[in-house]
Structure formats: structure tokens, C-alpha cells
Amino acid sequence: MTQHASPPRDATGKLPPAGRLPSWRLMSARADVRTLSLLGVLAVLVVIGGVTEPDSFLDVRNLQLILTQASVIGVVTVGMTFVITSGGIDLSVGAIVALASVWATTVATQEYGFAGILFTAVLVGLGCGLVNGVLVAYGRMVPFIATLAMLASARGLALQITDGRTQVVTVDSVLSLGERDAYVLGIPPLFLVFALVTVVGWLVLNRTTFGRRTVAVGGNAEAARLAGIDVRRQRLYLYLLSGLCCGIAAFLLIVLSGSGQNTNGNLYELDAIAAAIIGGTLLSGGRGTITGSVLGVLIFTTITDIFALNNLQSDVQQIAKGAIIVAAVLVQRRTANTT
């Protein structure tokens, strides 16, 4: 006897009204629309770049440069997406990248070679993330204040370590990763690392209990607590994850620039938050998308590249980014009010 799958029911066990899609299908459809919209925007930008500067923009080296530059901020954005999805914010990511990069490029650290630099960058990122997590989760500090304090402290410590000087990397195994000979089928190694972090982040957010708990905490922290989720521990883990991503990004930046500077990661917090919001991550928490965040990173990186090729000044780029953030938040609020 043939068995037919029963139609989906809501939380109370009732069938949805006729002609009305279940909420999970509605959310999935909207996510698909957002992704297609972002792909459309990216395609339009590629066309604009190809029309305004056809010889420079469409050059293979320039496209590889876009992928490389997107990699560093992209890894930071993956961590930021998790934090924002949980209803938090991390304003210290840029400063953590700077601190990790200068700490990992001191003369003493470079004596340990490739492994020493990588280990130090990741360890510093985790340490800063741990402090943020403890302050937010167990110190009950507002994430804005806690991470703002970390921003100031990390920047100050980075300046103290470098004394305002640039620390040049002399480890050949690190520098070689940024050379064209290290490219795999024309793809920069830094972008491959970014792709790996993206895949892992997507799987964790969408296919694991950790990801579901993150969304639950961002949607309603009290309901998540009553459901048995340790909200404080979850938030601690999320800031640790953000710190880990900052440490990885710091290492990629060291490879890209061949040095460590206290000015590294400047305004990364703005870029990461903007990319996540543009991608569809809800600023108030409860919804996050790694795919959208990655597309947001590529959109912003492409815009920056087009502006640079057309000799537009950096202040114009920042104004454009600010306008895009405001527009994205307004669209999110309008969408939320219509649901």
C-alpha cells in the first residue's frame, strides 16, 4: 500500500491555511531571492567595470587581485556573521587583526618560522575573542561597549609593540604564499583559504546544533534559555569564533603585505558589518547567511576596485559604503514590518 508524505504542519500541529506557504518555505524563498539579487548586483558591477575600464578591470591579474583582497576581509566577515546572527556585534575585529599581525611578525616570533607566525596570529585572535566573550557573556556588558574597549586596547597594544614602525617579514615560506608561483590553477592561495573557511562556516551555521543554537539565541535569548540552551556559553563560543577568524585573517594579511603594522585592519569592522548586512544577516539577530555575506564581501571589493581604477578617492568609497549600509538596514526593517 502506497504511503504519502503528510503535509507540513505548524508548531501547534495544525495545517497552514489554504493558499499560504509554511514559514520555513517562505523564508527559504526569500533567501533565494536575496541570493539572486546579490548575484545580479555583482554581475552589474562586473559590467560597469568592464565598460569603464575594459583593459584593466577584465585583466586576469586584476580579477586575481579582487579575489585576494576579498579573502582577508571575507574571513573576518564569516566570524562577524555568526556574532550578528546571535544578536551581538564585534567592533574590535580590525584592531584584533592589527594586534595579531604585529605580534606574529616580531623578530622573536619569526625565529620560529611559518608555524610560529601562524600559531601566534591565531592564538592572539583567540585570546582577544576570549576576553570579548567573557565580558559579554559573563560580565553582562553590552557587546558594543565590550568590543569598543577591546578595539581601543588592541590598537594601543599594537602601537606599543611596533613603536609605529613596520615589521618586515623575512620568512620565505610565508612570503612565497603570496607569489604567483603558488597559485593553484590561477587561483590565489589566500582565496582558497577563504573558500575553505566559508564552506566550514556554512556547514556549521546551517547543518549543526551549534548553528541552530546561534540562530535561537539571536531570535529570542530568553526562549533559548528556557529551551535548555546555555546562552552565556554560546555567546562565549561565538566571540571565540570571531577571534579565530581574525587570527586567520591576520595571517593572510601578513602573507599579502609581507609585514605587520599597527594600522592593519583599519575599518575592517565597518566592512565586515556592511557585507553581512548587505548579504541578508539581520542586524537585530535571529537570521544569518554565510552565502549572502560572502557575496556582500565580493560586491564591496569589486566596488573598491572599480573606484580605484577610475581614480576616485577613498573618501568617496567610504561615503558609498555608508549609504549602502543605511539602505540595507532600511530594506531589512521594511521586510520585517511586512512579515
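**Questions about helices, rings and burial**

Author: The axes of helix H9 (residues 189-207) and helix H10 (residues 209-219) come within 5 Å and cross at roughly 70 degrees. This is a predicted model, in which local features need pLDDT of at least 70, side-chain atom pairs count only at pLDDT 80 or more, and totals for chains, interfaces and linings use all residues. Residues are numbered from 1 along each chain as its sequence is written, and side-chain values use heavy atoms, with hydrogens and water left out.

Reader: Why is H9 called roughly perpendicular to H10?

Author: Angles of 65 to 115 degrees count as roughly perpendicular, under 35 as roughly parallel, over 145 as roughly antiparallel and the rest as oblique. The crossing is at roughly 70 degrees, so H9 is roughly perpendicular to H10. The axes are lines fitted to C-alpha atoms, for helices over the stretch in contact, with angles from 0 to 180 degrees between N-to-C directions.

Reader: Which residues of H9 and H10 meet?

Author: Val204, Leu205 and Arg207 in H9 meet Phe210, Gly211, Arg212 and Val215 in H10, where contact means heavy atoms within 4.5 Å. The residues of this contact are four nonpolar, one polar and two charged. Ala, Val, Leu, Ile, Met, Phe, Trp, Tyr, Cys and Pro count as nonpolar, Asp, Glu, Lys and Arg as charged, and the others, Gly among them, as polar.

Reader: What makes Phe114 and Phe251 an aromatic pair?

Author: Rings of Phe, Tyr and Trp (its six-membered ring) pair if their centres lie within 6.5 Å; planes under 30 degrees apart count as stacked, over 60 as edge-to-face and the rest as tilted. By this rule there are three aromatic pairs. Phe114 and Phe251 are 5.3 Å apart centre to centre with 75 degrees between the planes, an edge-to-face pair. Phe114 in helix H6 (residues 113-138) and Phe251 in helix H12 (residues 231-257) are 137 residues apart, and the pair links distant parts of the chain.

Reader: And why is the pair of Phe191 and Phe194 called edge-to-face?

Author: Their ring centres are 5.9 Å apart and their planes stand at 75 degrees, so this pair is edge-to-face. Phe191 and Phe194 are three residues apart in helix H9, and therefore about one helical turn separates them.

Reader: How do you know whether Phe114 is buried, exposed or partly exposed?

Author: Buried means under 20% relative accessible area, exposed over 50%, and partly exposed in between (1.4 Å probe, protein chains only). Phe114 has 29% relative accessibility, so Phe114 counts as partly exposed. Phe251, with 7%, is buried, and Phe194, at 2%, counts as buried too. Buried residues make up 44% of the 339 residues in the protein.

Reader: Why is Thr147 called buried?

Author: Thr147 has a relative accessible area of 0%, so Thr147 is buried. Thr147 is found in helix H7 (residues 143-162). Leaving aside neighbours within four places in sequence, Thr147 is in contact with Ile89, Asp90, Leu91, Ser92, Asn132 and Tyr239.

Reader: What makes Thr120 buried?

Author: The relative accessible area of Thr120 is 15%, so Thr120 is buried. Thr120 has its place in helix H6 and touches Trp103, Ala104 and Thr109, not counting residues up to four places away in sequence.

Reader: How many helices and strands does the protein have?

Author: There are 15 helices and two strands. Helices (H or I, at least four residues) and strands (E, at least two) are DSSP runs, numbered from the N terminus.
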